[in-house]
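Trainee: Could you take me through the side-chain pairings in one part of this protein? I'd like a close look rather than a tour of the whole chain.

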Amino acid sequence: MLTDGHQSKMVERIVAGRSIVALCAPPGFGKSRLAREAAKRISAKSGLAICEFGQIEHRADPRALADRLLGAAKQITIIEGLHLTDRDFLGLALERISFDNSNSRIIMTISQPSDFPLARIATRCSIDILDANALRQRPQVTADALKSIPRAKFRSRIRELAGDWPVAIEFLCAWAAGSQDSCESWSDLDIIRESRLGEFISQEVLTLFSADELSALVHASLLDVPDLDIIASVTGYQNDGRILADLAFRFKGLVDRHENRIILQNALRIWLRDAIEAYDDQVRVALLVSMADQCSAKGRLAEAARLARMAGDTSRIREYAHAHGALRIWIVHGFSVLKELLENSSPQDIASSIVLRMIECIVHMKAGRINAAQDLFESLAHEVGPGHLLTKDLEIVRVTLLVYGCSLERTGDLELIRSLITEQADDAAMRTFLATLSAILNSQRARFDVAVANLIDARAQAKKVSSQYNLMFLLMHEASINLAQGKLKHARTCLSEARSRWQRDFAIDVGVETVLAALSASIEFEAGRLTSARNSLKKSAHRMPEAEAWFDIYFAAYETMIRINVADHGIGATLESVEDEACKLRAQGLPRVADLLMAIRLCVCGEASLQGQQALISQMKWEIPPVGPTSSWQEQEVFSIARVYADYFNGKFDQAWTLLEGAIEAAATCGLERSRLRYLLVAFVIATAEGQKHRASAMLRRAISIGAATGMRQIFREIAGTKLTPALHALLDDSDLTDLEEGFVAMLLNRLGDRQGVASGQLSARELEILGLLSAGGSDKHLARLLNISEHGVRFHLKNIFKKLRVHDRLSAVAAARKLELTS
């Protein structure tokens, strides 16, 4: 019985179709099942008898089917195994039936077009042809089938192996649902074999191919995405390309063609690849090496590395790395290719190759293992002296490590990169990389005009070499600059386009997802969208420091994480977690990032103390690193604010104020609206605490101007807290406020002031009780048991709590309650 919606639609399509329907697809597309179900439905409506003809009947008499069709009364005929019939005689019979306008129905199943002359029949008879495109398994059907598999990781593996081949879904899901083994250590080949899908492939699919066709498919299976040019160019196999093109027509659904590439169904490809082990060793190695060389020549280095390793000749990987260069591979082909080269190389190959060790350094860096990367860099620096061919490459690696947060800075780094860009004027690939590095360093040092010019240059060069990887990252760098300048809308647009490119071309690159999520967390936090920010933190800060991130990304993720953790878990727990995270960062060779975290910790302590938690100050050690000539704007901002709080709480008000005024002016000069807003809000809070109302009002007025222009609103609550509402009410009397500024003030009051009204009695006693229980967690059912009410009652009260607190989820409700001191 068919329960799947797509299959039911296919049955209806056959039922409503023409007098002859041909289901033409390779084995495993459910043709027989569809034919029988459709015949049953037609029979139920028309009362016609069903007659089946298959291999038994055809082998007994190849003309029996044609004789039956010509001589029988009206009936529904299901035909399988058409290649065993007298096809010419059957074709003439079908023409006669159509000519006589018979009301009989014929449903035939065909594995490949060559089984029966469909094209000739279609020109003379009324016939519908449903191919593999129509019969493929739809994604929703696959998703429903995968629900029977309890482990999420296993579900994704099964989905990738099965693709849209119905029989693969059936075999793999049935096996996985009943498997007691976690199978995480199993290879894909083991899974296909154990599920018995391999038996189906061997018995029902491979038997349809000739020896030459099977050989061509085995060769194609060695490549992730077979390229007809590569296969045709391998010595001795020139006919493979023509054979594969023919198979893509005859076995659509299992062998597909997209332009010059052949796409094999994944389980079939893995099963075929295993067949290479049966080849004579000398023939096998020669084939693999030849294909590896061809892939390298075409820039498909990941496949070249895997093939070389399969051939047992990993020394060729070293040759490929030297031929292309570590930095160029990263720039043009992306980080995942670097990893493939390294993972397929032997330890001996890596130890004997400066280029492979440089790749290893980059891999350590991108994985957050900065200590290991820095140690390896220093080892390479001893070997690569002045005049060495790779001296400049190594200098570029050093600057890249600097960008990623280690302490290898030199005051002349920007000048070095500028000179290298001039030298590489004719090398678009290297120039785009160098211009990108320059953009990051200039951005970190708040030289945004120069950084934007670098980005424009980098983008132009990246387009010349079609470096989609760098074009994607340039959008993220642009978003980072926009974020510093307070241009949230522009930052969000850049990030959206970068995410689209990632999903389209590099979805397997988790490091890119980490960077996207970190920037998204920061943007959403600034805009006051805390639920979205929390979701992004799960894919950014929660992966750090064992993830790809450069200095800007660590800051974007960690600052957001600290501030949200203060709201969600209280400042005490947050201070402990920050200290633990800083220890991890130092252990991984990221002392700069660790210092940044500890300074952010001091900042949130200063804010909390000025908002009434003075006990924190006695526990603080105001150890703040000095700001140097190569310090980033993030370090300038956080260290300056921490120093202001240190001076203020040490009774040095004038010194703190002088520092703030200088910081505000410097930020304005650089266009750092984000930092300037924070400095102004700190000035407002300190002036308010000192009773200097006029000065406090002037600082807030300037902050409102920035907030209205940029949309950055969350930081008002973070720094000013409860002191903000009365000051905002007073500010509404300012006739100089523009309409935009007045609207921004009203919005702040609406978001902040109304919540404070909740504390004075808007929440009922039951709602306050539920709020108190929420912080301990638990499902609606658990809360219902504790409160002795129904689950529906719990959901009703939660809905009211969310509405009154102006939040959208439980975590936000708990955070808001703590902020308003409604719960402990």
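Mentor: Here is a walk through some ring pairs and salt bridges, starting with Arg63 and its partners. Keep in mind that this is a predicted model.

Arg63 has two partners worth a look. Its side chain meets that of Asp86 in a salt bridge, at 3.0 Å from N to O. Arg63 sits in the loop between α3 and α4 (64-71), while Asp86 sits in the loop between β3 (76-79) and α5 (87-99), so this pair ties together parts that are 23 residues apart in sequence. Arg63 also lies over the face of Phe89, 4.2 Å from the ring centre.

Now have a look at His58, which belongs to helix α3 (residues 55-60). Leaving aside residues up to four places away in sequence, His58 touches Phe53, Leu65, Ile79, Glu80, Gly81, Leu84 and Thr85.

On to the rings. The count comes to 16 aromatic pairs. One of them joins Phe473 and Trp550, a tilted pair with 5.9 Å between centres and 55 degrees between the planes. Phe473 is in helix α29 (residues 468-484) and Trp550 is in the loop between α32 (530-537) and α33 (551-569), so the pair ties together parts 77 residues apart in sequence. Phe473 and Trp550 are both buried. For Tyr554 and Tyr558, the ring centres are 6.1 Å apart and the planes are at 10 degrees, so that pair is stacked. These two tyrosines are four residues apart in helix α33, about one helical turn, and both are buried. Ring pairs also link Tyr645, Tyr648, Phe649, Phe653 and Trp657 into a cluster.

Back to charges: there are 56 salt bridges by count. Glu497 and Arg501 form one, with the closest N and O atoms 3.7 Å apart. They are four residues apart in helix α30 (residues 488-505), which puts about one helical turn between them. Glu497 is partly exposed at 39% relative accessible area, whereas Arg501, at 18%, counts as buried. Arg543 and Glu513 form another, with their closest N and O atoms 3.0 Å apart. Arg543 lies in the loop between α32 and α33, and Glu513 in helix α31 (residues 510-526), so this bridge ties together parts 30 residues apart in sequence.

Key: Residues numbered from 1 in each chain as written. Predicted model: local features only at pLDDT ≥ 70, side-chain atom pairs only at ≥ 80, totals over all residues. Heavy atoms only, no water. Contact = heavy atoms within 4.5 Å. Phe/Tyr/Trp six-rings, centres within 6.5 Å; stacked < 30°, edge-to-face > 60°. Buried < 20%, exposed > 50% of the residue type's maximum accessible area, 1.4 Å probe, protein only. Lys NZ or Arg CZ within 6 Å of the ring centre and 35° of its normal. Salt bridge = Lys/Arg side-chain N within 4 Å of Asp/Glu carboxyl O.
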